[in-house]
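User: I'm new to this one. Can you walk me through it?

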Amino acid sequence: MGKTSAILYVSLFLIFLMLLSHSPKKPSTHRRLKLRTNFNFNNPHHHDPIPFDPVVTQMERRLEDRRWEHHYITHSHPDAANDTLSAQAAPGHESQPEWEDFVEAEDYLNDEEKFNVTSRLLQLFPKIDVAPVDGFVTENELTDWNLNQAEKEVMHRTEREMDVHDKNHDGFISFSEYDPPSWAVSSDSSSFAHDMGWWKEEHFNASDADGDGLLNITEFNDFLHPADSKNPELLKWLCKEEVRERDTDKDEKVNFKEFFHGLFDLVRNYDEEAHNTSHSSEDSMEAPAKVLFAQLDKNNDGFLSDEELLPIIEKLHPSEHYYAKQQADYIISQADGDKDGKLSLAEMLENPYVFYSAIFTEEEEEEYDHDEFR
């Protein structure tokens, strides 16, 4: 960081001290930070906001890793799970330390001497204000920060899966090595999971960018999270999966009715979230749906093929960047006091819990609903 940046942040620190000296010792409303433990191992499309603060992310990751290990042993190696249980001195013998760690971690987060959200924001501000370093956090800077946190978490989960499926420990995954999720394997022939191509060989081959029959860590990450991939073959595969899912009459293409009652809803939801607009009635949406359908139907045959869905695939399968921007927009809308579209350090310090709103609950409430991030 250059001399100018150092001077800037010394000035900001002095402002912070002045604000701190004039602020009440305790906030008027206490909000208890709570670690989330609701990661859904059986739904690869479920998306929760990634914590803004890397310290919180590390704590939740430790809890998730323990739950994942228990889930993996129970569902993939039940014999090992039974052996583990039989070796325990008493029921719950192993789970008790994990619960104690969980409580201890939450107590740490809510001890202002150990974890002070205002102090954390002071530390994080110069790490976010980087393009340019000007004493403000813009939407793009906050989006980049959120995206970086999310990509680290996604890669951690991929590496965790890699350790399990790389049975010969050569750093690659072959199709024969990969075991699909238990929910997909156990589904019956009439279920969605049975019909779709996720985790099957076509999905694997589309993820194999270099065509060597094996997936390295980058390709395996794309395999597990295709919405964030830049691999054109994988994006084409996603389009084929959309046709397969929406094609109710099984003619291997999408007519307007199938488009309007399935795909267009996703496009509309994406656009409304991006522009903060609200739903219109079904009747008023049919006209714009027909316009979009006609734009996508390049050969004018009255149907959409998988290739013709490619221009909207990012709206059907939003990427981590979409969610990172959504989270940034929400934070700025809540903390931007002067409505200039960016955040000063003072604005962030005046609204510290906005940055932790994915995990706080007000003291008198039992739950906090964070659906606005979705």
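User: Is Phe259 buried or exposed?
Analyst: Phe259 is buried, at 0% relative accessibility. Buried means under 20% relative accessible area and exposed over 50%, with partly exposed in between (1.4 Å probe, protein chains only). This is a predicted model, where local features need pLDDT of at least 70 and side-chain atom pairs count only at pLDDT 80 or more, while totals for chains, interfaces and linings use all residues. Residues are numbered from 1 along each chain as its sequence is written, and side-chain values use heavy atoms, leaving out hydrogens and water.

User: Which ring does Phe259 pair with?
Analyst: Phe264, in a tilted aromatic pair at 6.0 Å centre to centre, with 45 degrees between the planes. Rings of Phe, Tyr and Trp (its six-membered ring) pair if their centres lie within 6.5 Å; planes under 30 degrees apart count as stacked, over 60 as edge-to-face and the rest as tilted. Phe264 is buried too, at 6% relative accessibility.

User: Which residues touch the most other members of the largest nonpolar core?
Analyst: Phe220, Phe223 and Phe259, out of 33 residues. Such a core is a set of buried Ala, Val, Leu, Ile, Met, Phe, Trp, Tyr and Cys residues joined through side-chain atoms within 4.5 Å.

User: New topic. Where does the charged end of Lys253 sit?
Analyst: Over the ring of Phe303, 4.3 Å from its centre. The rule asks for NZ of Lys or CZ of Arg within 6 Å of the ring centre and within 35 degrees of the ring normal.

User: And Lys342?
Analyst: The charged end of Lys342 sits over the ring of Phe136, 4.3 Å from its centre.
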